Amino acid sequence: MFDFNNKIVLLTGATGGLGTAVAQAFHATGANLILVGRSLEKLVATFPDLNSDPHLLLAADVTAETAVHNLATTVAEKYGRVDVLANVAGGFRGGTAVHKTSKWVTPQNLANVILFLASEQATAVHGAAIPVYGLG
Ligand SMILES: NC(=O)c1ccc[n+]([C@@H]2O[C@H](COP(=O)([O-])OP(=O)(O)OC[C@H]3O[C@@H](n4cnc5c(N)ncnc54)[C@H](OP(=O)(O)O)[C@@H]3O)[C@@H](O)[C@H]2O)c1
């Protein structure tokens, strides 16, 4: 359906759950991949078949300015351009399941929550999960 043949695709977060799938999808469409993660060892282990031309595995911490500068310089020297940037680096840290925390709203307080949400003060609220435990 899509054709990225010979397009230069720079993907950060390549070793992650999402990044691995994005890398595979772009690879299937013929892209030349620049795959970035913090660990070269992990990149090579994740993409053993993409550790050679025209692809490139690069270790860089995207929160470190010097590392990002070096990454950009390496890419510019090797490819001269980037056609697609997929900036998937990030992280997801799940905490305690919300129903196991003390943040649940008791039935007694639920009326207050509803009144608050219906008030002018709640206009700044953009999306929220309000867990409520039952009486049983
Ligand atoms: N998975 C989903 O369904 C989903 C849905 C919506 C949004 N997201 C968001 O998409 C992002 C990626 O999700 P994921 O599930 O793939 O996470 P993940 O499995 O934890 O992968 C995180 C990726 O980001 C890289 N990374 C983290 N910090 C980095 C840094 N400072 N510099 C360079 N690379 C860094 C990691 O590389 P190394 O550890 O190898 O260094 C890894 O490749 C997250 O922000 C997540 O919240 C994910």
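Student: Let's begin with Asn6: is Asn6 buried or exposed?
Tutor: Count the other C-beta atoms, placed from the backbone, within 10 Å of its own: 20 or more means buried, 12 or fewer exposed, and anything in between partly exposed. For Asn6 the count is 10, so Asn6 is exposed.

Tutor: Before we go on, note that this is a predicted model, where local features need pLDDT of at least 70, side-chain atom pairs count only at pLDDT 80 or more, and totals for chains, interfaces and linings use all residues. Residues are numbered from 1 along each chain as its sequence is written.

Student: What is the phi of Asn6?
Tutor: Asn6 sits in the segment before β1 (8-12); strands (E, at least two residues) and helices (H or I, at least four) are DSSP runs, numbered from the N terminus. Asn6 is not a glycine, yet its phi is positive, at about 65 degrees.

Student: Which peptide bond is cis?
Tutor: Look in the loop between α2 (40-46) and β3 (56-59), where you will find Pro54. With omega near 5 degrees, the cis bond is the one from Asp53 to Pro54.

Student: Which strands stand at the edges of the sheet?
Tutor: Strands pair if DSSP finds at least two bridges between them. Four strands form an open sheet with parallel pairing, in the order β3-β2-β1-β4. An edge strand here has a single partner, so one of its sides is left without a neighbour in the sheet, and that describes β3 and β4 (84-87).

Student: Which residue in β4 is the bridge partner of Leu11?
Tutor: β1 and β4 run parallel and are joined by four bridges. The partner of Leu11 in β4 is Ala86.

Student: How many residues does the largest nonpolar core have?
Tutor: A nonpolar core is a set of buried Ala, Val, Leu, Ile, Met, Phe, Trp, Tyr and Cys residues joined through C-beta atoms within 7 Å. Leu11 is one of those with the most contacts inside the largest core, and that core has 19 residues. The elements giving two or more residues to this core are β1, α1, β2 (32-37) and β3. To return to your number, the core's residue count is 19.
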